[in-house]
Amino acid sequence: MTEEKKPKKPNRQQVYTLLVEIGRKVGDGLPKEATGAALVVYASGVDEAEAVRETVAILKQADTAPLDVSGYGSLAEREAEDHDIPEEERALMQRALDENAVIVAQMTPFFDKEA
């Protein structure tokens, strides 16, 4: 009896743009005076919920403390909303898709203004 090869399923993965707020945690790599940070992340997933779960899991493994995640949609959704998406951003999104990865594109630390 021979096994038939099943055709590969089409890749249903998409890349989602997420904004993640992180708090402080020992070993997080943030500047000493920072109170937290905002991260712009490109994450692949079959839906936005999966992209968020994967992102939170990866950030926890990286010794950060994710507090809140805001989703800005997939590339197609952002294009439909006429977002300006530069080539550099598109390249990072493609990399996230190709590597089934979570890519931190930007990190902005927060500082207490009273300090």
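The model is predicted: local features need pLDDT of at least 70, side-chain atom pairs count only at pLDDT 80 or more, and totals for chains, interfaces and linings use all residues. Residues are numbered from 1 along each chain as its sequence is written, and side-chain values use heavy atoms, with hydrogens and water left out.

**Helix α1**

Helices (H or I, at least four residues) and strands (E, at least two) are DSSP runs numbered from the N terminus. Helix α1 covers residues 48-61, which is 14 residues. The expected span of a helix is 1.5 Å times one less than its number of residues. For α1 this gives 20 Å, and the end C-alpha atoms are 20 Å apart, in agreement.

Three terms describe accessibility: buried is under 20% relative accessible area, exposed is over 50%, and partly exposed is in between (1.4 Å probe, protein chains only). The buried residues of α1 are Ala51, Thr55 and Leu59. They cover an arc of only 60 degrees around the axis, so they lie on the same side of α1. The arc is taken from the directions from the helix axis to the C-beta atoms. Among the elements that cover these buried residues are β1 (14-23), β2 (34-45), β3 (65-74) and β4 (102-111). On the face of α1 turned away from the buried side are the exposed residues Arg53, Lys60 and Gln61.

At the start of α1, a side-chain oxygen of Asp47 comes to within 3.3 Å of the backbone nitrogen of Ala49.

Asp82 lies in the loop between α2 (75-80) and α3 (87-99). Neither position is a glycine.

| Residue | Phi | Relative accessibility |
|---|---|---|
| Asp82 | about 60 degrees | 69%, exposed |

**Ser74 in strand β3**

Is Ser74 buried or exposed? Ser74 lies in strand β3 and is buried, with a relative accessible area of 2%. Its side chain makes a polar contact with the side chain of Gln14, at 3.4 Å. A polar contact is a pair of N or O atoms within 3.5 Å; within protein, one must be able to donate a hydrogen and the other to accept it, and residues adjacent in sequence count only if both atoms are side-chain atoms. Leaving aside neighbours within four places in sequence, Ser74 is in contact (heavy atoms within 4.5 Å) with Gln14, Val15 and Tyr16.
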